[in-house]
Amino acid sequence: MTVELILVLIIWATILLGVFFGDNGPIETFKKSGPRLAARIEKNLATGRQFTRGDRNTKIEWQQPPDN
């Protein structure tokens, strides 16, 4: 019974480690898509997309500064 348990644990650990450290694991996926995500966030911050006020759900719009 102990031998079967050890074999099942080894197979389970091998599959689990393959999922996390393989080509499709979360570490490799984030390495590939992390820069793209950062670029999208930076673009949204630069353009002010979907900014709202905290107390109301009104969008914050850009306004022309007054002439002095």
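**Exercise 1.** How many helices and strands are there in the protein?

*Solution.* The model is predicted: local features need pLDDT of at least 70, side-chain atom pairs count only at pLDDT 80 or more, and totals for chains, interfaces and linings use all residues. Residues are numbered from 1 along each chain as its sequence is written, and side-chain values use heavy atoms, without hydrogens and water. Helices (H or I, at least four residues) and strands (E, at least two) are DSSP runs numbered from the N terminus. The protein has two helices and zero strands.

**Exercise 2.** State what percentage of the residues is buried, then classify glutamate 4.

*Solution.* Buried means under 20% relative accessible area, exposed over 50%, and partly exposed in between (1.4 Å probe, protein chains only). Of the 68 residues, 4% are buried. Glutamate 4 belongs to helix H1. Its relative accessibility is 45%, so glutamate 4 counts as partly exposed. A polar atom of the glutamate 4 side chain lies 3.0 Å from the backbone nitrogen of methionine 1.

**Exercise 3.** Which helix gives the largest share of the nonpolar patch?

*Solution.* Helix H1 (residues 2-21) supplies the largest share, 10 residues. Leucine 5 lies in helix H1.

Key
A polar contact is a pair of N or O atoms within 3.5 Å; within protein, one must be able to donate a hydrogen and the other to accept it, and residues adjacent in sequence count only if both atoms are side-chain atoms.
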